[in-house]
Amino acid sequence: MHPFKYYAFDLLESTNETAKEFAPYDVIHALSQIKGKGRMGRQWESPKGNLFMSIVLPYTKEAPLYSFITSLSVAQTIQSLSPCIKWPNDILLNGQKVGGILLETSLNEPQKLIIGIGINIEHTPKGKMLYPVTCLKDNGLSISCIDLLNEILKTFYQNVIIFEQTGFSKIKQQWLNFASGLGQQICVKLPQKEMNGIFNGLRDDGALILQTRTKQQFITAGDIFMI
Ligand code: BTN
């Protein structure tokens, strides 16, 4: 059992925006979105048939770690398809993005953490993308939005309990088992520059550890690409 209260909508601008008006432990689900939001100010194509959900939690200083708890939970939920996670939280199948996570905070009292999850179930986005994309259906998994939402919530709640009771290390270890490009040469694209190096793990605050030719760097935001 999990403590979440479910709210369903046919159409919203963005489940993350609506979630900001809701209370901790509410979950907002929309069949489609008009202004689905992606990371770094990008758009998230949101046709009916894919999953769009946002989980509301009380705000915590450990908010960034929820990005790892959530991506781990999604990966575990679709484990049968051998997913990978591309830092910080893209869900990949055979190197193609099938899901993404957008964390936001709402700083009006009571402060909240909003965890938005988008999974391509039936449709692969058609627009111009930074990465190759796919959907669950094209990888042989037929599942309804509501079944996938419930499975994700169950796994997410179990991981939240592990995190609250034992800290980040177990989550980090399991996350690293799904990590794409670990120990390999990657390129980190930041708004102002690019850096190449070996992806050497995660720091305890979730920063990516990048070993460049000259020093160890810690990356807290950006996009990574396998080389
Ligand atoms: C990414 O860019 O990878 C993150 C995508 C997050 C999309 C989800 S869909 C549900 C929630 N509502 C939004 O507007 N965005 C997130």
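Start with the largest pocket, which has a volume of about 540 Å³. A pocket here is an open set of points on a 1 Å grid over the protein atoms alone, where a 1.4 Å probe fits, with protein on both sides within 12 Å along at least five of seven lines; lining residues have an atom within 4 Å of a point. Grid points are joined across faces, edges and corners, and the volume is the space filled by probe spheres set on them.

Before you click further, note that this is a predicted model: local features need pLDDT of at least 70, side-chain atom pairs count only at pLDDT 80 or more, and totals for chains, interfaces and linings use all residues. Residues are numbered from 1 along each chain as its sequence is written, and side-chain values use heavy atoms, leaving out hydrogens and water.

**Stop 1: the lining of the largest pocket**

Select Gly38, Arg42, Gln43, Trp44 and Lys97. Of the 30 lining residues, these are the closest to the centre of the largest pocket. Now colour by element. α1, β3, β6 and β7 each give two or more residues to this lining. Helices (H or I, at least four residues) and strands (E, at least two) are DSSP runs, numbered from the N terminus. β6 has the largest share of the lining, four residues. By class, the lining divides into 11 nonpolar, 12 polar and seven charged residues. Nonpolar means Ala, Val, Leu, Ile, Met, Phe, Trp, Tyr, Cys and Pro; charged means Asp, Glu, Lys and Arg; the others, Gly among them, are polar.

**Stop 2: the ligand**

Show the ligand. The space it takes is the largest pocket; to sit there, more than half of a molecule's atoms must lie within 2 Å of the grid points. Which elements give two or more residues to the shell around the ligand? They are α1 (15-19), β3 (51-58), β6 (96-106) and β7 (112-119). β6 gives the most, with four residues.

Select the shell. It holds 20 residues, and the closest are Ser14, Thr15, Lys37, Arg39 and Lys97. A residue counts as near if one of its heavy atoms lies within 4 Å. The shell has six nonpolar, 10 polar and four charged residues.

Next, check the polar contacts, pairs of N or O atoms within 3.5 Å:

- Ser14: an N or O atom of its side chain is 2.8 Å from a ligand oxygen.
- Arg39: a polar backbone atom is 2.6 Å from a ligand oxygen.
- Lys97: an N or O atom of its side chain is 2.6 Å from a ligand oxygen.

The protein covers 99% of the 420 Å² of accessible area that the ligand has on its own. Accessible areas come from the Shrake-Rupley method with a 1.4 Å probe.

**Stop 3: the second largest pocket**

Move to the second largest pocket, with about 390 Å³ of space. Select Arg39, Ser67, Pro88, Asn89 and Thr220. Of its 21 lining residues, these lie nearest the centre. α2 (66-77) and β6 each supply at least two lining residues. β6 gives the most, with five. The lining divides into 12 nonpolar, six polar and three charged residues.

**Stop 4**

Most residues other than glycine have a negative phi, and most peptide bonds are trans. Stay on Pro88, in the loop between β4 (84-86) and β5 (90-93). The peptide bond from Trp87 to Pro88 is cis, with omega near 0°.

Go to Pro110, in the loop between β6 and β7. A cis peptide bond joins Glu109 to Pro110, with omega about -10°.

Finish at Ser82, in the loop between α2 and β4. Is its phi positive or negative? Ser82 has a positive phi of about 55°, although it is not a glycine.

Conventions: A polar contact is a pair of N or O atoms within 3.5 Å; within protein, one must be able to donate a hydrogen and the other to accept it, and residues adjacent in sequence count only if both atoms are side-chain atoms.
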